[in-house]
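Dear colleague,

I would be grateful if you could read it alongside the notes that come after it.

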Amino acid sequence: METRRALVTGAASGIGAACAQRLAADGVHVVAVDFDEAGLETLGALDGVETVVADLSDLERLADLPTDVDILVNNAGVQQVAPVEQFPPERFSYILRLMLEAPFRLIRQTLPHMYGAGWGRVVNISSVHGLRASPFKAAYVAAKHGLEGLSKVVALEGAAHGVTSNCVNPAYVRTPLVTAQLADQAATHGLSESEVLDKVLLEPVAVKRLIEPDEVAELVAMLCGPASASITGSSFVLDGGWTAH
Ligand SMILES: NC(=O)c1ccc[n+]([C@@H]2O[C@H](COP(=O)([O-])OP(=O)(O)OC[C@H]3O[C@@H](n4cnc5c(N)ncnc54)[C@H](O)[C@@H]3O)[C@@H](O)[C@H]2O)c1
């Protein structure tokens with residue numbers, strides 16, 4: 001892995017930060033991209049990690065990012081919760097741009113390098129919501145379902161060039177994206193945060209705890225590692241049994 005170079009989006013926090021650290025620990029040179037400059041600082045202090053501040057929803061800006069990478073982890077994402085009839089259209093567009101169009105652009109501009117090298121790994125951080133819907137998450141569920149389709153097409157096209165493409169599909173992971181939802185839903189439902197965790201977030205899950213970011217990063221590292229050549233076009237649930245229902 002020491003010769004590999006990876007680009008990880010949304011790397012300043014949560015799952016992206018864990019992926020960047022985990023790949024760097026394998027000796028991969030990591031380009032960590034985020035618009036949170038302060039959040040990237042700690043990561044930038046690690047050996048083998050370079051940071052780039054960029055707003056990934058600005059699609060034209062994506063062309064400035066490094067394209068000579070062997071591993072692409074499409075991770076950056078946000079959540080917005082509202083009924084469809086009240087969902088702000090501009091927010092729907094933003095989420096699709098950040099979580100589906102930006103991954104498409106990044107895949108599109110990094111594949112030529114991977115094809116040239118005869119080796120590449122695209123890992124898309126999807127979600128259980130790439131495979132299942134939940135009410136009030138129209139944009140997020142639509143973006144993640146779209147990412148699943150994109151990932152499979154890239155798997156089919158990339159196979160002849162040694163490039164794999166897969167999705168990783170966690171249930172709720174202990175990150176700021178989820179802790180913010182805990183606070184919001186507690187206020188909305190008049191519950192404590194621990195009641196929201198038990199009665200709302202963990203209700204569909206058999207393993208009654210949040211997943212740790214490191215657990216997701218371990219799966220991502222496996223999908224980039226030496227035994228991963230035939231693993232492609234798949235979606236790996238890490239969901240505590242949610243989709244076993
Ligand atoms: N936390 C969960 O429970 C969970 C579950 C399943 C899937 N996911 C997915 O994992 C991914 C990472 O989520 P997380 O939980 O680590 O969230 P997080 O909020 O901890 O991290 C998301 C990162 O993306 C960055 N980001 C957001 N918008 C950006 C933009 N426009 N430009 C550049 N950077 C931007 C943020 O600054 C942040 O560093 C997301 O795609 C999310 O949908 C999360």
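The model is predicted, so local features need pLDDT of at least 70 and side-chain atom pairs count only at pLDDT 80 or more, while totals for chains, interfaces and linings use all residues. Residues are numbered from 1 along each chain as its sequence is written, and side-chain values use heavy atoms, with hydrogens and water left out.

The ligand has 31 residues around it, of which Ser13, Asp34, Tyr140, Val173 and Thr175 come nearest (near: a heavy atom within 4 Å). By type, 18 of the shell residues are nonpolar, nine polar (Gly is counted here) and four charged. Among the polar contacts (pairs of N or O atoms within 3.5 Å), a ligand oxygen lies 2.9 Å from a side-chain N or O atom of Lys144, and a ligand oxygen lies 2.6 Å from a polar backbone atom of Val173. The protein buries 94% of the 830 Å² that the ligand exposes when taken alone (Shrake-Rupley method, 1.4 Å probe). Helix α5 (176-189) contributes the most to the shell, with three residues (helices are DSSP runs of H or I, at least four residues; strands are runs of E, at least two).

Parallel to β6 run β5 (residues 120-125), joined by six bridges, and β7 (residues 235-238), joined by four (pairing requires at least two DSSP bridges). Val123 stands opposite Asn166, and Cys167 is partnered by Ser235.

Yours sincerely

Methods. Polar contact = N/O pair within 3.5 Å; in protein donor to acceptor, adjacent residues only side chain to side chain.
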